[in-house]
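Colleague: I would like a close look at one part of this protein, the nonpolar core and what surrounds it. Please take me through it step by step.

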Amino acid sequence: RDTSLELSGSGGDDEFSEDWDGGTGVVDNLSSILDVELPGGPTVGEESRCECGVCYCHEMEGKTPEISCNSSSCKQLFHLDCLLEWFRGLSNVRQSFGTVFGECPYCSKSMHVQALL
């Protein structure tokens, strides 16, 4: 998949077109051209501030969101208590041997957590 961005405007003679690197991502190019540090997402091992996808709080009763959606394209985080409360409101939730099965509030893909309703 080609992720390069072609600059266009006044016939290809844009002021920064020669500085654009087609093999580099948009954020890196803009950061380089504008000579500024643009914010990026969290990196592996870096503690990031995250919000629960149900209550939209980072910390609830001293706990941070610890459950993530099983879908690799979603990965939204939730507090366990918030997610269980969400599941309680759904009609298609089922429980089996300490595992609760339901749908992600964000992407509606199936997900499960180890807990009792």
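What follows is a walk through the core, the sheet beside it and the cysteines.

Modeller: Keep in mind that this is a predicted model. Start with the overall layout. The protein has 2 helices and 5 strands. Along the sequence they follow the pattern α-β-β-α-β-β-β. Of its 117 residues, 23% count as buried.

Now the core. The largest nonpolar core holds 14 residues. Those with the most contacts inside it are Phe78, Leu83, Leu84, Phe87, Val100, Met111 and Val113. Two elements give two or more residues to this core: helix H2, spanning 80–88, and strand S5, spanning 110–114. The top contributor is H2, with 4 residues.

Next, the sheet. S5 belongs to an open sheet of 3 strands. The order is S3-S4-S5, and the pairing is antiparallel. S3, residues 94–96, and S5 are the edge strands, so named because each pairs on one side only. Neighbouring strands in this sheet are turned by 25° against each other on average, direction ignored. In general, strands of a sheet pair through backbone hydrogen bonds, either parallel or antiparallel.

Look at the S4 and S5 pair in detail. S4 covers residues 99–103. It joins S5 in the antiparallel sense over 5 bridges. Then place the helix. H2 lies across S4 and S5. Its direction is at about 125° to that of S5.

Now the cysteines. A search of the whole structure finds 0 disulfides. The cut-off is 2.5 Å between the sulfur atoms. Cys52 counts as buried, at 1% relative accessibility. Cys69 is buried too, with a relative accessible area of 0%.

Finally, step back to the whole protein. Its accessible surface comes to about 8500 Å². Carbon and sulfur atoms account for 47% of that surface. Take the contacts between residues at least 6 apart in sequence: 33% of them join residues at least 24 apart.

Notes. Residues numbered from 1 in each chain as written. Predicted model: local features only at pLDDT ≥ 70, side-chain atom pairs only at ≥ 80, totals over all residues. Heavy atoms only, no water. Core = buried A, V, L, I, M, F, W, Y, C linked by side-chain atoms within 4.5 Å. Buried < 20%, exposed > 50% of the residue type's maximum accessible area, 1.4 Å probe, protein only. Contact = heavy atoms within 4.5 Å. Areas by Shrake-Rupley, 256 points an atom, 1.4 Å probe, with all protein chains shown as cover. Pairing = 2+ DSSP bridges. Axes fitted to C-alpha atoms, helices over the stretch in contact; angles between N-to-C directions.
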